[in-house]
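Subject: Structure handover and findings

Dear colleague,

Please find below the structure that I am handing over to you.

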Amino acid sequence: WRQAAARAADPPAGIRVVRGLRRHELLRLACADLLGRLDVVRLGRALTDIAVATLQAGLDVALRAYALETGTDPADVPMDLAVIGMGRLGGGEMGFGSDADVLFVHRAKAGADDGKATAAANAVAHTLRRLLSEPAPDPAFDIDADLRPEGRQGALVRSLSAFQEYYDRWVSVWEVQALLRAVPVAGDEQLGADFVALIDPIRYPAEGLNAEQVAEIRRIKARVERERLPRGADPATHTKLGRGGLSDVEWTVQLLQLQHAAEVPALRTASTVDGLAALSDAELLEAEHIEALRAAWELATRSRNAIFLVRGRPSDQLPRPGSELVGVARACGYGPDLDAGQFVEDYRRTTRRARAVVEQVFYGQPPSS
């Protein structure tokens, strides 16, 4: 991809090449998914590979555009820039409708002015986001940087030293939790490695979590459940924020990572599925709990992808009874001899089992008799 984009006559042509290649690969994976050639975990990793390739080639184009605009040789750009994957991008769990959650970190090159390096890094990051998301014949690829320090109110790009200062002084427990899925995906490799070295002691705290921090994570999760579920959504069939859905499983795994990853190296993974496997190997969760959480995560992920393929746009809510629900059930592997209602019943039963585990493990409630 990077070589193909580099051969283009100019940056606009280069980004058309990148977006065209992405469209081709998405179509190929959609066909493989519908034909049952990829399980949901391998599909997520393949979609992540496409996202990473898009960011790497897109960043090359954005750097080239900056050099042309400023009359600078690309080798003389005053900073190194790294793109850190977060969320599903960092976890290798992208879906067909997923945005790319990222952080941008830069570092001035030796002898370069810090102010000029910061300005260049911001210009390149803004150009990258614009080139990949602006209207075009090929699908947009949205880059979401809202997980950065101070969210939308904060600087789009920060230096490595600025990240260190922020994390030393202001980092909150939810930001530490988000860093569990931080993985360098594009840009300067050494800078990405240095960012990981900076955050590892933060996201894998040597002493685990204290009771106050655990209570805060539980409070935030409960607030998300109350306030972020869309109006009119059915919590029993909302794949992301519903009972036993993706958020339930992922927050449970992440809480246990924060508590135990310092002493269990296998838990230092950005992948939910790999995290569940590590929890099983370390005997930190019972086998039936692992099975329930993984089954719900896989079914919710598969359903979310199927909704996108049927509707052509992202949605987290299973459709109401009708042709769309039938299409989603078929895309999830339910043959024509099975009623779509059976798919919904299987979804509800699977997520109910997972929610019971979440209430016991995440919220600390005693198991129901």
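This is a predicted model: local features need pLDDT of at least 70, side-chain atom pairs count only at pLDDT 80 or more; totals for chains, interfaces and linings use all residues.

The largest pocket

The largest pocket has a volume of about 1,200 Å³. Its lining consists of 36 residues, and those nearest the centre of the pocket are D101, L147, R181, R228 and K240. By type, the lining of the largest pocket comprises 13 nonpolar, 11 polar and 12 charged residues. Five helices each supply at least two of the lining residues: α4 (87–91), α7 (173–179), α9 (211–227), α10 (246–260) and α12 (287–311). The element that gives the most to this lining is α10, with five residues.

The second largest pocket

The second largest pocket has a volume of about 360 Å³. It is lined by 19 residues, with L59, L63, L81, G187 and D188 lying nearest its centre. Two or more residues of this lining come from each of α3 (40–70), β1 (79–85), β5 (183–187) and α8 (189–203). The lining of the second largest pocket divides into 10 nonpolar, three polar and six charged residues.

Why is strand β2 described as largely enclosed by the rest of the structure? Strand β2 covers residues 100–108, and seven of its nine residues are buried, so the strand is largely enclosed. Here, buried means under 20% relative accessible area.

With β1, strand β2 pairs in the antiparallel sense over seven bridges. In this pairing, I84 stands opposite L103 of β2. With strand β3 (residues 143–144), the pairing of β2 is parallel and runs over two bridges. There, D101 stands opposite D144 in β3; D101 is also one of the residues nearest the centre of the largest pocket. With strand β4 (residues 157–159), β2 pairs in the parallel sense over three bridges. The bridge partner of F104 in β4 is V157.

Finally, β2 and β3 belong to a further arrangement. Together with helix α5 (residues 114–133), these two strands make a β-α-β unit, and this unit is right-handed.

Yours sincerely,

A colleague

Notes
Residues are numbered from 1 along each chain as its sequence is written. Side-chain values use heavy atoms; hydrogens and water are left out. On a 1 Å grid over the protein atoms alone, a cavity is a set of points where a 1.4 Å probe fits but cannot get out, and a pocket is an open set with protein on both sides within 12 Å along at least five of seven lines; lining residues have an atom within 4 Å of a point. Grid points are joined across faces, edges and corners, and a volume is the space filled by probe spheres set on the points. Helices (H or I, at least four residues) and strands (E, at least two) are DSSP runs, numbered from the N terminus. Ala, Val, Leu, Ile, Met, Phe, Trp, Tyr, Cys and Pro count as nonpolar, Asp, Glu, Lys and Arg as charged, and the others, Gly among them, as polar. Buried means under 20% relative accessible area, exposed over 50%, partly exposed in between (1.4 Å probe, protein chains only). Two strands pair if DSSP finds at least two bridges between them. A crossover is right-handed if, with the strands pointing away from the viewer, the path from the first strand over the helix to the second runs clockwise.
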